[in-house]
Amino acid sequence: MLREQTAASPERRGAALAGLAAYQAAPRHAGRKPAPVLLRQGGAVLRDYGRKNSSGPPLVFVPSLINPPDILDLSDRLSLLRWLAAQGMRPLLLDWGSPDPAARAMDITAHVEHVLVPIIRALPAAPILIGYCLGGTMAAAAACVVPVAGLAMIAAPWHFSAFGDPARAALAALWASARPSCEAMGLVPMEVLQSAFWRLDAGRTIGKFERFGTLDPASAEAAAFVRLEDWANAGAPLAFAAGRQMFEDFFISDLPGRGAWSLATGAADPLTLAIPSIDFVSMTDRIVPAASAAGFANRHELSAGHVGMMVGSRAQWALWEPLADWINNVCAARTPSNQPLPQQEQAP
């Protein structure tokens with residue numbers, strides 16, 4: 001990919017390689033302590049970022065199966081979850097955990113029906129589901145199975161054909177080459193998934209390392225880049241069946257967008273849900289095209305990158321505050337529940 005993007009400019013190639021070397025050599029700091037566990041389901045846990053006296057329904061945040069859930073709590077300053085908690089809300093974060101080869105048959109549908117749905121049912125009140133990226137796709141499917149109080153999809157694809165034929169063909173070719181090894185392992189390594197994302201925006205992938213090489217390694221900007229890039233390159237592998245379904249059924253065949261994604265209760269169709277629903281869509285997202293959104297009547301458009309909308313310098317006013325306003329409107333229209341949430345587990 002580097003050779004393709006810098007074929008006409010050896011200088012750019014050298015700059016990108018220098019930036020990559022600087023990133024690899026940059027100092028790392030200890031990771032953040034995760035929030036307490038509220039519930040467990042298989043290898044997944046639901047973490048509690050709220051306060052015990054929080055009002056309103058629980059907010060279940062569903063991250064993508066790809067990359068760690070840390071993007072929602074990246075640092076003290078860049079944490080949507082802790083910011084919402086400070087507004088008096090009860091955000092809960094689903095951490096999918098890490099599969100082993102024995103989980104090879106757990107496809108995305110199984111993650112929805114056997115992990116996410118049981119967690120929702122274990123809560124004493126119907127939560128508001130808030131899904132980011134592929135987590136939004138999965139949250140929408142779960143809302144078709146179990147009652148919830150509302151659904152927000154943030155940069156979440158549903159119509160996968162909107163990624164365009166060239167991108168889908170490239171992903172199909174990548175999967176065709178990677179599938180035999182993945183099937184033998186029972187897992188889809190993060191390296192395969194990350195290369196898929198790189199191909200969606202190859203120019204930006206090269207350009208960001210060119211730019212990083214020009215930064216002062218001791219600067220706050222360099223530290224922020226390293227923190228975010230480490231998140232982007234981290235993450236557990238996918239169970240083989242989940243990777244197969246994502247590439248073949250979603251990107252290649254677009255089962256969700258065609259109304260052909262089958263769940264135990266029938267085809268998943270979020271547009272039929274009689275609950276408050278909203279799409280948060282970035283018009284400049286180069287990872288998940290705006291046209292791939294579910295198509296709710298309530299749609300909030302913003303101009304920020306796929307990750308920048310969550311942790312960028314404009315994230316609070318571009319996404320966090322509009323999301324909080326929507327949550328408050330949903331809560332205002334509901335009958336409050338006085339049932340307490342389960343008790344947190346004791347910290348180890």
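**Helix packing and ring contacts**

Author: In this predicted model, helix H6 passes helix H10 in a left-handed crossing.

Reader: Are H6 and H10 roughly parallel or roughly antiparallel?

Author: Helix H6 covers residues 165-185 and helix H10 residues 240-252, and their axes are 10 Å apart. The angle at which they pack is about 160 degrees. Angles over 145 degrees count as roughly antiparallel, so the orientation of H6 to H10 is roughly antiparallel.

Reader: Which residues of H10 make the contact with H6?

Author: From H6, the contact uses Arg 168, Leu 171, Ala 172, Trp 175, Arg 179, Cys 182 and Glu 183. The H10 residues are Phe 240, Gly 243, Arg 244, Phe 247, Glu 248, Phe 251 and Ile 252.

Reader: How many aromatic pairs are there in the whole structure, and is the pair of Phe 209 and Phe 225 stacked or edge-to-face?

Author: The search of the whole structure gives 13 aromatic pairs. For Phe 209 and Phe 225, the ring centres are 5.8 Å apart and the planes are at 85 degrees. Planes over 60 degrees apart count as edge-to-face, so this pair is edge-to-face.

Reader: How many residues apart in sequence are the parts that this pair ties together?

Author: Phe 209, in helix H8 (residues 202-212), and Phe 225, in helix H9 (residues 220-233), are both in helices, and both residues are buried. The pair therefore ties together parts whose separation in sequence is 16 residues.

Reader: Which ring does the charged end of Arg 28 sit over?

Author: The charged end of Arg 28 lies 4.7 Å from the centre of a ring. That ring belongs to Tyr 23.

How values were computed. Residues are numbered from 1 along each chain as its sequence is written. This is a predicted model: local features need pLDDT of at least 70, side-chain atom pairs count only at pLDDT 80 or more; totals for chains, interfaces and linings use all residues. Side-chain values use heavy atoms; hydrogens and water are left out. Rings of Phe, Tyr and Trp (its six-membered ring) pair if their centres lie within 6.5 Å; planes under 30 degrees apart count as stacked, over 60 as edge-to-face and the rest as tilted. Helices (H or I, at least four residues) and strands (E, at least two) are DSSP runs, numbered from the N terminus. Buried means under 20% relative accessible area, exposed over 50%, partly exposed in between (1.4 Å probe, protein chains only). A charge sits over a ring if NZ of Lys or CZ of Arg is within 6 Å of the ring centre and within 35 degrees of the ring normal. Axes are lines fitted to C-alpha atoms, for helices over the stretch in contact, and angles run from 0 to 180 degrees between N-to-C directions. Angles under 35 degrees count as roughly parallel, over 145 as roughly antiparallel, 65 to 115 as roughly perpendicular and the rest as oblique. A crossing is left-handed if the near helix is turned anticlockwise from the far one by less than a right angle, and right-handed if clockwise. Contact means heavy atoms within 4.5 Å.
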